[in-house]
2 protein chains.
Amino acid sequence: MRASQFLIATLKETPADAEVISHQLMLRSGMIRKLASGLYTWLPMGLRVLRKVERIIREEMDRSGAQEVLMPVVQPAELWEESGRWEQYGAELLRISDRHERAFCLGPTHEEVITDLIRNEIKSYKQLPANFYQIQTKFRDEIRPRFGIMRSREFVMKDAYSFHKDQASLEATYQVMHATYSAIFTRLGLDFRPVIADTGSIGGSGSHEFHVLAESGEDDIAFSDTSDYAANVEMAEALPPAGERPAGTQDMTEVATPGVHSIDELCQFMDCAPSQTVKTLIVYGETDGDQEDDDSAPLVALVVRGDHALNDIKAEKLPGVRAPLTFASDEHIKAALGCGPGSIGPCGLSIPCIVDRSAAHCADFICGANKEGYHLSGVNWERDLPLGEIADIRNVVPGDPSPDGKGTLMIKRGIEVGHIFQLGTKYSEAMNATVLNEQGKSQVMIMGCYGIGVTRVVASAIEQNNDEQGIVWPESLAPFQVVLVPLNMHKSERVKETSERLYHELQDAGIDVLLDDRNERPGVKFADMELIGIPHRVVIGDRGLDKGMLEYKHRRQSDSEDVAIDDILAQLHDKIGH
Amino acid sequence: MRASQFLIATLKETPADAEVISHQLMLRSGMIRKLASGLYTWLPMGLRVLRKVERIIREEMDRSGAQEVLMPVVQPAELWEESGRWEQYGAELLRISDRHERAFCLGPTHEEVITDLIRNEIKSYKQLPANFYQIQTKFRDEIRPRFGIMRSREFVMKDAYSFHKDQASLEATYQVMHATYSAIFTRLGLDFRPVIADTGSIGGSGSHEFHVLAESGEDDIAFSDTSDYAANVEMAEALPPAGERPAGTQDMTEVATPGVHSIDELCQFMDCAPSQTVKTLIVYGETDGDQEDDDSAPLVALVVRGDHALNDIKAEKLPGVRAPLTFASDEHIKAALGCGPGSIGPCGLSIPCIVDRSAAHCADFICGANKEGYHLSGVNWERDLPLGEIADIRNVVPGDPSPDGKGTLMIKRGIEVGHIFQLGTKYSEAMNATVLNEQGKSQVMIMGCYGIGVTRVVASAIEQNNDEQGIVWPESLAPFQVVLVPLNMHKSERVKETSERLYHELQDAGIDVLLDDRNERPGVKFADMELIGIPHRVVIGDRGLDKGMLEYKHRRQSDSEDVAIDDILAQLHDKIGH
């Protein structure tokens with residue numbers, strides 16, 4: 001492609017309303033433009049990247065045995081009424097009426113449409129398993145679209161839906177999809193982790209999210225430095241500390257701590273580390289039936305080490321604890337336990353006490369005295385107070401052992417770009433999607449679903465790969481692999497000839513090459529091409545040609561190197577791995 | 001692809017609501033399924049065809065220098081208000097409101113969005129010309145969607161929009177698009193014609209429609225049997241008959257014709273050919289300002305030969321004739337001219353008379369006598385009545401000379417699959433899309449637009465290529481190029497081995513091959529594959545293998561031929577032209 005015949009729409013200034021780096025760089029490099037809130041046009045430069053993502057996804061999905069289909073954007077309300085989601089789905093489902101006042105929606109997802117299709121097309125267990133995918137435009141009426149295409153209203157998604165006669169078949173396809181997603185994100189050149197995700201009632205292995213690791217991510221991902229274990233921090237198990245609990249060496253002592261309520265204040269006052277303290281959090285217990293009044297609800301104490309954070313999701317799953325997790329009011333705590341929440345401790349507490357595994361391993365610890373203005377030090381479980389129920393109720397922290405027993409946990413932020421999920425029979429049951437089984441009896445199909453945010457992949461790749469000059473594309477996603485920058489092309493016949501020859505040679509070799517033949521200063525061209533993030537740059541100038549040389553620079557290098565004209569093609573092939 | 005792992009969703013019965021053959025065959029061959037009125041899901045088999053159409057279009061558009069973009073489906077009302085179309089566009093524009101009650105529409109076309117984009121991105125004439133295209137989902141809320149994807153509500157379109165500094169540049173790009181469309185439809189293997197289309201005020205060469213010729217088409221296309229001239233019948237010029245008007249040989253005679261009103265009745269009564277008669281049609285003339293009452297409007301007589309049809313579009317463009325063309329009421333005709341419309345003739349008529357070129361060439365003709373129950377025979381222009389204004393006001397008929405002077409016109413029905421149009425400044429002026437010109441002055445850009453109905457191409461290809469057994473795909477569109485049909489594969493190890501080997505060899509050669517490994521009777525497989533329309537079929541059976549032979553049949557052949565196993569690959573390559 002010649003830059004003079006291609007829309008290079010770079011911007012010098014960062015648009016004011018672009019908060020995250022990918023949004024800023026996609027606007028500045030001329031990849032996208034905003035049409036309206038949450039609606040973006042893909043310019044030629046950006047679309048080249050999007051198409052490369054789509055192609056890799058399509059190739060790997062095809063390889064996995066999935067079959068591509070294309071379902072409509074506009075979906076009839078009737079199907080959503082069948083599944084129950086016409087009512088359940090919030091305002092993100094954009095409901096519309098056609099000219100005959102019939103109700104439709106813009107599809108944010110296609111479970112209903114595919115289930116309707118397959119219940120009509122697949123009649124026998126012999127046709128199972130089957131997995132159908134599409135790469136298609138979706139709409140979700142976000143209340144506050146932001147971060148450009150990271151959280152837009154209209155977006156491109158790869159969604160897939162599999163159908164099975166039994167759970168074993170679902171699990172087999174789920175594993176294939178797990179491997180396929182790993183292959184896709186590997187080919188995309190992204191640093192990613194498949195992350196165990198919360199599945200609600202389905203169980204631990206029924207869902208994985210695929211996260212691209214990047215500081216701007218909205219999720220905290222805990223992963224092993226040794227194995228491929230990774231989970232959302234909320235989901236990662238904190239193992240019990242190794243070995244026996246140390247024996248106590250101190251006597252339990254009551255210490256006056258006037259004005260001390262937080263762990264920070266306590267550590268400063270007592271000159272100790274937060275890990276020497278425990279904190280006791282009071283939440284509401286589970287009750288049968290409807291609780292009319294919180295004031296009469298039972299209380300439960302949750303004890304975690306002072307340097308650890310309570311994990312709400314783990315805690316609310318425990319029997320005896322109200323879900324969603326609800327903290328007791330200060331008034332209720334005072335009335336029931338005789339002091340404010342900042343002075344509560346596990347010693348002599350009259351309510352059930354659930355102790356985190358790490359807190360249960362503490363010796364000679366410091367805690368509230370259940371008396372306003374006092375704490376206890378040198379406290380030891382089983383000597384000074386009974387050790388109640390022990391459970392995993394904290395978030396993991398960096399340095400914790402990996403739950404799979406291999407290595408140590410690290411924590412990084414991640415951007416969710418994919419999700420695989422064992423749906424079970426949620427839709428097939430509601431919509432009566434059945435097949436005849438081996439016994440000739442009608443049986444509800446079991447389903448899985450598998451999504452990738454195609455447009456979001458582009459943004460997440462940029463979040464992970466950028467520097468002060470702009471985007472640094474992974475090789476497989478770059479809009480162009482090589483840019484040729486001729487200096488003074490419009491005056492030097494020799495520069496022009498060499499550039500044109502090289503341009504055609506690279507094109508013939510099947511390499512995506514951009515010839516920057518614009519009538520611009522070299523500085524403008526260099527800045528634009530770094531901003532756009534093209535991996536390989538070759539500068540053709542008279543000074544180099546005098547010595548038979550061209551100037552090569554990789555986007556990640558700061559300095560260029562001289563390469564002999566005759567060697568450049570071979571070198572580029574080498575570097576691109578073509 | 002293995003048929004056992006691919007959704008073969010053929011139907012034996014023709015669905016009741018499918019009127020046209022392409023709709024019937026797309027349903028029966030399992031290419032599409034209806035989701036709701038005018039909304040279709042593309043099944044794996046159909047999507048393979050659609051993707052091939054898309055790829056050919058994309059390659060040729062890229063080759064033409066056009067740049068691919070992707071604009072949203074959902075468009076803000078503001079832009080349509082700027083262009084004036086928010087009010088003008090009928091109910092086919094599906095207007096919707098988002099959760100914040102802001103007005104949007106589902107885009108039936110993207111002139112507004114692209115004009116908004118380009119007025120922001122292109123500032124100088126130096127960046128022109130530029131041509132942007134997308135292949136994208138559109139929505140048109142048809143009042144009566146029908147014919148499957150031929151006239152659906154949601155559809156895929158390739159639309160392109162070009163921007164220019166002057167008319168000469170627009171015309172150059174228009175010619176490139178004309179050639180590009182011809183290349184696309186040629187590669188698609190379709191019998192098509194670029195047809196001069198009505199452009200309203202823009203003029204004769206400003207618009208072409210591309211029609212696929214097929215009996216089920218909704219348009220009549222007149223085209224030369226010698227040159228590449230083609231036009232909608234409404235647009236094709238009927239040239240004046242060659243030579244001088246013959247001299248009259250008969251005397252004008254009044255003939256009593258009781259009960260004769262139509263041309264058919266007249267020819268039967270007079271025992272003459274329709275071409276010996278002329279008919280006189282009374283329409284309303286043009287008036288200044290608003291006409292309150294048709295009864296006081298002026299009348300105009302239009303005279304065409306009895307075997308010719310009046311062309312409304314040509315007639316209403318004439319000065320003095322009301323547009324749209326409106327026929328005078330019987331009462332008005334009687335009151336003004338003294339007889340009913342069935343007895344009107346040009347002799348002695350008191351109103352202006354416009355005579356078609358062919359009618360003006362008649363001698364000794366028969367016409368109404370302006371007297372109930374009488375006609376005149378042996379009438380001759382200029383001898384018996386003055387020859388009024390002469391104009392081209394009839395439809396061409398087969399056998400007419402081609403307007404370009406080359407050959408004779410034929411007429412066939414066509415399906416419009418593409419349209420190229422010189423838009424001019426309609427949108428750029430309304431939306432103030434300007435560039436700075438050579439003189440540094442702001443100047444409105446000139447635009448062209450270029451559409452292809454991508455989904456409709458698939459249907460039109462079927463309309464043109466089918467037989468009693470089903471679809472007969474052109475080579476470039478077939479979902480699979482070759483189908484291998486093993487006989488008794490599940491019992492004969494030899495058949496299985498040969499089939500598998502051939503399957504892999506064809507795949508390795510880059511040929512789209514389907515291995516019909518389903519556990520079905522041969523008759524079922526043959527019928528399915530003919531219905532689906534795969535061009536090349538190879539049958540692998542024990543009886544043939546005994547002689548080292550396979551059975552080859554092209555979809556268009558009725559009988560198969562034996563081919564030696566060792567020759568089959570070379571033969572298929574030959575036939576496919578791969």
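A residue counts as partly exposed when its relative accessible area lies between the 20% limit for buried and the 50% limit for exposed. A:Asp467 falls in this class, with a relative accessible area of 29%. The model described here is predicted.

A:Asp467 has a charged partner. Its side chain meets that of A:Arg555 in a salt bridge, with 2.7 Å from N to O. A:Asp467 lies in strand E24 (residues 466–467) of chain A, and A:Arg555 lies in the loop between strand E29 (549–554) and strand E30 (561–564) of chain A, so the pair ties together parts that are 88 residues apart in sequence. A:Arg555 is buried, because its relative accessibility is 4% and the cut-off for buried is under 20%.

In chain A, A:Glu68 pairs with A:Arg58, and their closest N and O atoms are 2.9 Å apart. A:Glu68 belongs to strand E3 (residues 67–68) of chain A, while A:Arg58 belongs to helix H2 (residues 44–63) of chain A; the two are 10 residues apart. A:Glu68 counts as buried, at 11% relative accessibility.

In chain B, a salt bridge joins the side chains of B:Arg187 and B:Glu59 at 2.8 Å, N to O. Here B:Arg187 is in helix H6 (residues 167–187) of chain B and B:Glu59 is in helix H2 of chain B, 128 residues apart. B:Arg187 is partly exposed, with a relative accessible area of 32%. B:Glu59 is partly exposed too, at 33% relative accessibility. In chain A, salt bridges with shared partners join A:Arg55, A:Glu59, A:Glu60, A:Arg63 and A:Arg187 into one network. Over all chains, the count comes to 84 salt bridges.

The two chains also meet each other. The contact takes 53 residues from chain B and 53 residues from chain A. The size of an interface is often given as the accessible area lost when the parts come together. For chain B and chain A, this area is about 4,400 Å², with 63% of it on carbon and sulfur atoms. In chain B, the residues that lose the most area to chain A are B:Leu35, B:Leu70 and B:Arg99, which together make up 16% of what that side buries.

Charged and polar pairs cross the interface. Six salt bridges are found between chain B and chain A. One of them joins B:Arg33 to A:Glu121, with the closest N and O atoms 2.6 Å apart. Between the chains, 20 residue pairs are in polar contact. On the side of chain B that touches chain A, helix H2 (residues 44–63) of chain B gives the most, with five residues. By class, that side has 31 nonpolar, eight polar and 14 charged residues.

B:Thr41 shows contacts with both chains. This residue lies in strand E2 (residues 39–42) of chain B. B:Thr41 counts as buried, at 3% relative accessibility. Beyond its neighbours within four places in sequence, B:Thr41 is in contact with A:Leu70, A:Met71, A:Pro72, A:Val113 and A:Leu117, as well as B:Met31, B:Ile32 and B:Arg33.

How are the two chains related? A rotation of 180° with 0.1 Å of shift along its axis superposes chain B on chain A, with an RMSD of 0.3 Å. That is the relation of a two-fold axis. In chain B, the C-alpha nearest the axis is that of B:Ile96, 3.1 Å from it. The copies meet through the same surface, because 100% of the interface residues of chain B are also interface residues in chain A.

Conventions:
Residues are numbered from 1 along each chain as its sequence is written. Chains are lettered from A and ligands numbered from 1 in the order in which they are written. This is a predicted model: local features need pLDDT of at least 70, side-chain atom pairs count only at pLDDT 80 or more; totals for chains, interfaces and linings use all residues. Side-chain values use heavy atoms; hydrogens and water are left out. Contact means heavy atoms within 4.5 Å. Buried area is the accessible area (1.4 Å probe) that two parts lose on being put together, summed over both. A salt bridge is a side-chain nitrogen of Lys or Arg within 4 Å of a carboxyl oxygen of Asp or Glu. A polar contact is a pair of N or O atoms within 3.5 Å; within protein, one must be able to donate a hydrogen and the other to accept it, and residues adjacent in sequence count only if both atoms are side-chain atoms. Helices (H or I, at least four residues) and strands (E, at least two) are DSSP runs, numbered from the N terminus. Ala, Val, Leu, Ile, Met, Phe, Trp, Tyr, Cys and Pro count as nonpolar, Asp, Glu, Lys and Arg as charged, and the others, Gly among them, as polar. Copies are superposed by least squares on the C-alpha atoms of residues with pLDDT of at least 70 in both. Buried means under 20% relative accessible area, exposed over 50%, partly exposed in between (1.4 Å probe, protein chains only).
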